[in-house]
Amino acid sequence: MILKPQILLLDEPFSALDAINRGNARKLFLKVWNEHKPLCLFVTHDIDEALLISHKILVVRNDSYLLLHNSVREKNRLDQEYGELLKHLEELISGGEGHE
């Protein structure tokens, strides 16, 4: 990050990668973010990716939205709280719950 931008806009940056390269790209992204701390708007359709990377998750569905604080970012995928938030997000997306 030669220019050290204050804001990064990332629209599904890892979507075309296979599982191994996607994991490596996530690690690199988090390393760069931890060093420079730019504001990032990271668009993804991958709920697991959102949980692994984000501090806040904005679920947008039709004309409604819901902003959630990601309390499991630093946790293991096998952690019960991680599984509960993953399930909650899946239900929000498939069930259409949200707030305007």
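This is a predicted model: local features need pLDDT of at least 70, side-chain atom pairs count only at pLDDT 80 or more; totals for chains, interfaces and linings use all residues.

User: What is phi of Glu-12 near?
Analyst: Phi of Glu-12 is near 45°, which is a positive value in a residue other than glycine. Most residues other than glycine have a negative phi.

User: And is Glu-12 buried, exposed or partly exposed?
Analyst: Partly exposed, because the relative accessibility of Glu-12 is 26%.

User: Which other residue has a positive phi, near 55°?
Analyst: Asn-62, again a residue other than glycine. Asn-62 belongs to the loop between β3 and β4. Its relative accessible area is 67%, so Asn-62 counts as exposed.

User: Let's zoom out. How many helices and strands does the chain have?
Analyst: The protein chain has three helices and four strands. Going along the sequence, the pattern reads β-α-β-α-β-β-α.

User: What does the C-alpha trace span?
Analyst: About 40 × 30 × 25 Å along its principal axes.

User: What share of the residues is buried?
Analyst: The chain has 100 residues, and buried ones make up 29% of them.

User: New topic: salt bridges. How many are there?
Analyst: The structure holds five salt bridges. Take Arg-22 and Glu-49, whose closest N and O atoms are 3.5 Å apart. Arg-22 is in helix α1 and Glu-49 is in helix α2, so this pair ties together parts that lie 27 residues apart in sequence.

User: Are those two residues buried or exposed?
Analyst: Both Arg-22 and Glu-49 are buried.

User: What other salt bridge does Glu-49 form?
Analyst: The side chain of Glu-49 also meets that of Arg-26 in a salt bridge, at 3.5 Å from N to O. Here too helix α2 is tied to helix α1, because Glu-49 lies in α2 and Arg-26 in α1, 23 residues apart in sequence.

User: Which residue besides that forms a salt bridge with Arg-26?
Analyst: Asp-46 does, with the closest N and O atoms 3.6 Å apart. This pair links distant parts of the chain: Asp-46 is in the loop between β2 and α2, while Arg-26 is in helix α1, 20 residues away.

User: How accessible are Asp-46 and Arg-26?
Analyst: Asp-46 is at 24% relative accessibility, so it counts as partly exposed. Arg-26 has a relative accessible area of 11%, so Arg-26 is buried.

User: What do these residues make together?
Analyst: A network of salt bridges links Arg-22, Arg-26, Asp-46 and Glu-49.

User: Which elements supply the lining?
Analyst: Five elements each supply at least two lining residues: α1 (19-36), β2 (39-43), α2 (47-53), β3 (56-61) and α3 (80-95).

User: And what classes of residue line the pocket?
Analyst: The lining of the largest pocket has 19 nonpolar residues, four polar ones and four charged ones.

User: Which element gives the most?
Analyst: β2, with three residues. Leu-39 is found in that strand, β2. Leu-39 is exposed, because its relative accessible area is 56% and exposed means over 50%.

User: Last one. Where does Glu-74 lie?
Analyst: Glu-74 is in the loop between β4 (64-69) and α3. Glu-74 counts as exposed, because it is at 68% relative accessibility.

User: How far apart are Glu-74 and Asn-24?
Analyst: In sequence, Glu-74 and Asn-24 are 50 residues apart. In space, they are 17 Å apart, C-alpha to C-alpha.

Notes: Residues are numbered from 1 along each chain as its sequence is written. Side-chain values use heavy atoms; hydrogens and water are left out. Ala, Val, Leu, Ile, Met, Phe, Trp, Tyr, Cys and Pro count as nonpolar, Asp, Glu, Lys and Arg as charged, and the others, Gly among them, as polar. A salt bridge is a side-chain nitrogen of Lys or Arg within 4 Å of a carboxyl oxygen of Asp or Glu. Buried means under 20% relative accessible area, exposed over 50%, partly exposed in between (1.4 Å probe, protein chains only).
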